[in-house]
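The following note sets out points for a colleague who is reviewing the model. Please read each point beside the coordinates.

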Amino acid sequence: MVESKHRESSRDYAYRLIREMIINMELVPGSKVSETELAERLGISRTPVREALIDLARNKIVTIQPQKGTFISLIDPLLVEEARFLRLTIEKEVVALLCEEQYQADLNLLDECIALQEFYLTQKNYAKFLELDNQLHQLFFQLTDKNNIYQLMKGLNIHFDRARTFIFKHKPSMKTIEEHKEILSAIRRQDKERAKQCIEQHLHQYILDKEQFEKEYSYYFNKSEG
């Protein structure tokens, strides 16, 4: 069982872990979830689990159907694209800001994160790799004092995170590492335009892969719109 963070409420703990289970596809799209089973799994009471599920329903990643139960929402391509668009729009400006001289001394933190990603990817520990992938992108925001923006994005970003995690687990590739290195290289050279181009190419990869996966795993995708 994962320990709670310092000063983390039971509700926040439940939200964080259930969110991770959804992103990592431990709770698969369309599946019914039980408050009792989740509470037992997390070692907490049902109340914070219920509250966390309500919060996740607001993010549209969980669907609560009266008299029927609580279900993990299918992957919605429209929400995934909306999340990708938001992330791309903001993250391009963040990496451009990171190119400025005042942030150059902290870039070793990005080096360390990428090195760990490479290690875990070669070990085929995809869960740890994906965790570090998220850490790297969050570091962009933390180093530029924009972490509150990153936190605000998380509600919508869960849709993009789940979709790209699903694709990566079925199609792992060193290309992600190479793209991270290219982004860091541009930042280190203080080349703002190139850094923005690299982020755009990096976040565009999902678009290149998604059509194949929507066809192959159509039962996980919501096709009611678009």
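1. Helix 2 passes helix 3 in a right-handed crossing; a crossing is right-handed if the near helix is turned clockwise from the far one by less than a right angle, and left-handed if anticlockwise. Helices here are DSSP runs (H or I, at least four residues), numbered from the N terminus. The contact involves Glu35, Thr36, Leu38, Ala39 and Leu42 on helix 2, and Arg46, Val49, Arg50 and Leu53 on helix 3, where contact means heavy atoms within 4.5 Å. By class, this contact has five nonpolar, one polar and three charged residues. Ala, Val, Leu, Ile, Met, Phe, Trp, Tyr, Cys and Pro count as nonpolar, Asp, Glu, Lys and Arg as charged, and the others, Gly among them, as polar.

2. Basis of the values. The model is predicted, and local features need pLDDT of at least 70, side-chain atom pairs count only at pLDDT 80 or more, while totals for chains, interfaces and linings use all residues. Residues are numbered from 1 along each chain as its sequence is written, and side-chain values use heavy atoms, with hydrogens and water left out.

3. Geometry of the first pair. The axes of helix 2 (residues 35–42) and helix 3 (residues 46–58) come within 9 Å and cross at roughly 115°. Axes are lines fitted to C-alpha atoms, for helices over the stretch in contact, and angles run from 0 to 180 degrees between N-to-C directions. Helix 2 and helix 3 are therefore roughly perpendicular to each other (65 to 115 degrees; under 35 is roughly parallel, over 145 roughly antiparallel, and the rest oblique).

4. Helix 5 (residues 108–122) and helix 6 (residues 126–143) have axes that come within 8 Å and cross at roughly 170°. This makes helix 5 roughly antiparallel to helix 6. Their crossing is left-handed. Residues in the contact include Leu109, Cys113, Leu116 and Tyr120 of helix 5, and Phe129, Leu132, Leu136 and Phe140 of helix 6. The contact of helix 5 with helix 6 has 14 nonpolar, two polar and two charged residues.

5. Positive phi angles. Most residues other than glycine have a negative phi. Lys124, in the loop between helix 5 and helix 6, has a phi near 60°. Lys124 counts as exposed, at 62% relative accessibility (exposed is over 50% relative accessible area, buried under 20%, partly exposed in between, with a 1.4 Å probe and protein chains only). Gln190 also has a positive phi, near 60°, and lies in the loop between helix 8 and helix 9 (192–216). At 37% relative accessibility, Gln190 counts as partly exposed.

6. Which residues does Arg19 contact, leaving aside its neighbours within four places in sequence? They are Leu56, Lys154, Asn157, Ile158 and Asp161. Arg19 belongs to helix 1 (residues 10–23) and counts as buried, at 10% relative accessibility.

7. Domains. The assignment gives domain 1 (10–72) and domain 2 (77–220); such bounds come from an automatic or database domain assignment. Their centres, taken over C-alpha atoms, are separated by 26 Å. Twelve residues of domain 1 are in contact with twelve residues of domain 2.

8. Helix 8. Glu178 is located in helix 8 (residues 175–188) and counts as partly exposed, at 47% relative accessibility. The C-alpha atoms of Glu178 and Leu97 are separated by 21 Å, the two residues being 81 residues apart along the chain.

Methods
Helix = DSSP H or I, 4+ residues; strand = E, 2+ residues; numbered from the N terminus.
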